[in-house]
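Subject: Two-chain model, handover and findings

Hello,

Here is the structure I said I would pass on. My notes on it follow below.

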Amino acid sequence: MNVVALVDCNSFYASCEAIFKPHLKNQPVVVLSNNDGCVIARSSLAKKFGIKMGVPFFEVKELVKQNNVKVFSSNYTLYANISSRVMGVLKNYCDELEIYSVDEAFLILNKYSERSFFQRATQIKKTVKKWIGVPVSIGIANNKTLSKIANHLAKKDELGTQVVELLDRQQIEIALKVLEVGDIWGIGSRISKFLQSNSIQTAYDLYSSDPRWVRQHLGVVGERTYRELHGEMCFPIIESPEAKKQCRVSRSFESYVENFKELEQRIISYATRASEKIRSDNLQAKRITVFIRSNKFNQKNQSYYGDKTYSFISPTNDLFEIVRLAVEALSSIYKPGIKYKKAGVLLSDLSSEGVYNRDLFFQRSEKDLLKKMKVNRVFDRLNSRYGSGTICIAKENYEKFYLTRRKNLSPAYTSNFYDLPVVN
Amino acid sequence: MNKNEGDFKESLTPVPYLLSRISAGFPSPADDYIENNLSLSELLIRNHLSTFLMKTSGDSMMDVGINDGDILVVDRSIEPKNRDIVIAILEGNLTVKRLLFKTNGSVVLKSENTAYKDIKIPESADLEIWGVVTSAIHQFIK
């Protein structure tokens, strides 16, 4: 039988930061979300100091200070580069690979090898560590659900090999007995509450439930999870996930914004980033949505939410068209006298570049399209070469509004010649 | 994953082009002989996944032609051998030195500049090598 291995990078963002700063290895590290709002990654040492995932940074400021925790703003450029290197290594070791997230992948290991699955997984772990410098844990099982559980156990094995195999029925049952039902992959908090109210507490309780009951109450997806717990393979490996359907860039502001001009600058900035993203994926958007809102939590001020969606005449990823419509949408929803706290731009109905719907009343010449593409390409190249924000639309204020708070950003070690790590 | 591998190569790999226009006239007899343009990254980088670029600071490796501000090509996948130029981790920091394995099991990190002393490490197990330097790029005009 072939098996599924789930490879998951340990404290991925923190590990990326430590590649070029080896002294961080023995220090607690946390990485903050956009705008330095919340903690989104912790090294294992930081976890031990009781810093929880997702807490607002200001709540743990004292803890951070007391324990000399190193703080980083999220450096997504670096994480994406390291991630693609890790995935590249994994690709060399398997027949099929599903990149599940930036730091996780499902692999199919075939049965045709003289070496055991465990040996091969250990080799993968060693190679990723040596080539890229990122530690990973690996769970091996007959399907995705069980490999997730095996990985969960591997993560805990900090001093050991961090490779766990769950292929034997007895071992599986032992593992399920100590796992809360809500920790099973695919069992969300709503279902988990429902199960607990039916006195199903552990994964083993679900495993030993009546399959008919499961199907009746949890539906088809729940039944698949149940069958996977029993060793069947119901969720296939998806090698090339469907192209992104939408691309969203939004931010909460550090202080209130009332003025239209300021809001406009921000919207232009978000529209610019969103258009950059879809261009880098060779996609084009059919529709654009702009939304703005006041603070949800503050009852004192008048609350307001506004959004507006426009369709492009023909799908596009042209910066200038996208920005123009974004500003138009903003003008139609802007209300004076509101204290705005958040705004965003969403590009949706994405499709592959190059497919144009010819419009009877709006024929763009090939030449015009090519010219636009060239301008966009120059724009993207300048920004990728000399750093994001090198060139921007005059109304955007990059420094001020996009890079609002990234106080602890590490350099773009792998993507900018001016940011290379320095050695003595 | 080809896309990602492509990302590393793309920027430095020029695409070959046809010598003759397609539209009219006799096709250039040289078209059949077209090969890729020379690619520096192909020359300098054997393993795109495990290769990183770094910048030097200081003159400790001057005598082998690694000058202040040069760019180093560092491959982590190569097993370090005696006399390789390596990036070593010294007290948590990255440093470029020549690696010498001594017969008694100790290791020396040697600067290629007589003004600097050798750094002796009693046990090779105590030293972590970050990667092996495969080339240094010195630009005369930037």
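Predicted model: local features only at pLDDT ≥ 70, side-chain atom pairs only at ≥ 80, totals over all residues.

There are 15 residue pairs in polar contact between chain A and chain B, both residues being at pLDDT 80 or more. A polar contact here is a pair of N or O atoms within 3.5 Å; within protein, one must be able to donate a hydrogen and the other to accept it, and residues adjacent in sequence count only if both atoms are side-chain atoms. On chain A, the elements that give two or more residues to the side touching chain B are α4 (76-91), α5 (117-131) and β14 (422-423). Of these, α4(A) gives the most, with eight residues. Helices (H or I, at least four residues) and strands (E, at least two) are DSSP runs, numbered from the N terminus. The chain A side divides into 14 nonpolar, nine polar and seven charged residues.

Residues are numbered from 1 along each chain as its sequence is written, chains are lettered from A and ligands numbered from 1 in the order in which they are written, and side-chain values use heavy atoms, with hydrogens and water left out.

The interface

In total, 30 residues of chain A are in contact (heavy atoms within 4.5 Å) with 33 residues of chain B. The two chains bury about 2600 Å² between them, 60% of it on carbon and sulfur atoms. A:Arg85, A:Trp131 and A:Val423 supply 27% of the area that chain A buries against chain B, more than any other three residues. Buried area is the accessible area (1.4 Å probe) that two parts lose on being put together, summed over both.

Two salt bridges are counted between the chains, the criterion being a side-chain nitrogen of Lys or Arg within 4 Å of a carboxyl oxygen of Asp or Glu. A:Lys130 and B:Glu79 form a salt bridge at 3.9 Å, N to O.

The sheet across both chains

β14(A) is joined by two bridges to strand β1 (residues 51-56) of chain B, and the two run parallel. Two strands count as paired if DSSP finds at least two bridges between them. Opposite A:Val422 stands B:Lys55 in β1(B), and opposite A:Val423 stands B:Thr56.

This pairing belongs to an open sheet of eight strands with mixed pairing, in the order β14(A)-β1(B)-β2(B)-β7(B)-β3(B)-β4(B)-β5(B)-β6(B). β14 of chain A and β6 (119-121) of chain B stand at the edges with a single partner strand each, so one side of each has no neighbour in the sheet.

Within chain B, β2 (residues 71-75) and β7 (residues 128-137) pair antiparallel over five bridges, with B:Val73 opposite B:Ser135. β3 (residues 85-90) of chain B is also antiparallel to β7(B), over four bridges; there B:Ala88 faces B:Ile129.

Chain A by itself

Chain A has 14 helices and 14 strands. Its radius of gyration is 24 Å, close to the 22 Å that the globule rule gives for 424 residues, so chain A is as compact as a globular protein of that length. The radius is taken over C-alpha atoms, and the rule is 2.2 Å times the number of residues to the power 0.38.

Over all chains the structure holds 21 salt bridges. One of them joins A:Asp8 and A:Lys155 at 2.8 Å, N to O. This pair links distant parts of the chain, 147 residues apart: A:Asp8 lies in strand β1 (residues 3-9) and A:Lys155 in helix α6 (residues 144-156) of chain A.

Regards

Methods. Nonpolar A, V, L, I, M, F, W, Y, C, P; charged D, E, K, R; others polar.
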